[in-house]
Amino acid sequence: RPRVLSGIQPTGDSMQLGNYLGAVKNWVTMQDGYDAYYCVVDLHAITLDPPEPAALRERTRIVAAQLIAAGLDPDRCALFVQSHLPEHPQLSWVLECLTGFGEANRMTQFKDKSARGGADRQGVGLFTYPILQAADILLYQADYVPVGEDQRQHLELTRTLAQRFNSRYGQTFTVPDAYIPKAAAKILDLQDPSAKMSKSRPDAGTIYLADDAATISKKLKRAVTDLDGEIRFDEAHKPGVSNLIAIHAAFTGLSIEAVEAEFAGQGYGRLKGAVAESVIAFAQPFAARTAELLDDPAELDRLLAHGAAKAAAVASVTLSRAYEAVGFLPPV
Ligand code: AQP
């Protein structure tokens, strides 16, 4: 079976709609037919505004619970926490030494995220995190990486580093392909449809899967649209309306064309109301299941330990091969 690996950061108190539609929904589908590894990437979560230690621990459990509530089954996939596997930073170091400074500097997420903070918020970790991400992926010899469109450039870097390592030290890593959904690959901020929806942007433009029904309705009611009043999918000229159509289509399973047809000639208010209903129909049972899982943190931790053991079986083999290829003296 082909292998897949992907990760999500435990930043914020809940995953947002874009995380689910752009990535996690595919993770759930890919448990069948793929050898699937999914990781809560907590090492990445301290790259920008490191959270309070207790909050980071809590958020790690929340994301893990949300992933299970979304449909991941710890028996059918390996669901684990990145910091439980020391192999991730151990491989990352080697890949850092293979990465050009200019190459890392071209990463647009680094530019976006560092532009948002002051100089004191820009640690070296924010600069090198795409390389740690490459290690996350290459350790598992992943064939596919199911991610949203925003991660395409990082995946390209991963492919480049795998090829560079293989040509310098001999065939060691599988060169992975991105697996990006055709629809909903990039969910946009409701208040600023020129930006992607993100946990680290202001709350009003981001729907969290933990938001209650009233909050979801309010955020959607206030979503920025345009002045021509026509419900039509046109990402270039009508990004706000197209975003609402894409969200509705993804949650109802309808095609974009079917949504356009359903709302032809109607006002934006009607569309927003319907999107709110389809999001809430998913979010309410999802929140209830998440709460149940969080009620028993010991069981959740046990599931994550089980996932870490499955991940370690693969990661330790890859790391030993890579270290040996580089020429590090093996421990006896
Ligand atoms: N707006 C989006 N549309 C589609 N996919 C998205 N993803 C994130 N935002 C969108 C996908 O979600 C997965 C996990 O993302 P992450 O939390 O690890 O990091 P991120 O991409 O940086 O997500 P956020 O929400 O924007 O978090 P912050 O603000 O903390 O950095 C990835 O596969 C990503 O493509």
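Predicted model: local features only at pLDDT ≥ 70, side-chain atom pairs only at ≥ 80, totals over all residues.
**Entry 1**

I began with Phe101, which counts as exposed because its relative accessibility is 64%, over the 50% cut-off. The protein chain averages a pLDDT of 95, and 98% of the residues score at least 70. I also noted an ipTM of 0.94 and a pTM of 0.94.

Next I looked up aromatic pairs, and a search of the whole structure finds 14. One of them joins Phe101 and Phe127: the pair is tilted, with 5.0 Å centre to centre and 40° between the planes. Phe101 lies in helix α4 (residues 101-105) and Phe127 in helix α6 (residues 124-138), so the pair ties together parts 26 residues apart in sequence. Is Phe127 buried or exposed? I found Phe127 buried, at 14% relative accessibility.

**Entry 2: a ring cluster**

I then noted that ring pairs link Tyr20, Phe251, Phe282 and Phe286 into a cluster.

**Entry 3: strand β2 and its neighbours**

Which strands pair with β2? I found strand β1 (residues 3-8) running parallel to β2, joined by six bridges. Strand β3 (residues 78-81) also pairs with β2 in the parallel sense, over four bridges. Cys39 of β2 is the bridge partner of Gly7, and in β3 Cys39 is partnered by Phe80.

I followed the chain between the strands too. β1, helix α1 (residues 17-30) and β2 make a right-handed β-α-β unit. β2, helix α2 (residues 53-70) and β3 make a right-handed β-α-β unit as well.

Conventions. Residues numbered from 1 in each chain as written. Heavy atoms only, no water. pLDDT = per-residue confidence, 0-100. Pairing = 2+ DSSP bridges. Helix = DSSP H or I, 4+ residues; strand = E, 2+ residues; numbered from the N terminus. Right-handed = clockwise from strand over helix to strand, strands pointing away. Phe/Tyr/Trp six-rings, centres within 6.5 Å; stacked < 30°, edge-to-face > 60°. Buried < 20%, exposed > 50% of the residue type's maximum accessible area, 1.4 Å probe, protein only.
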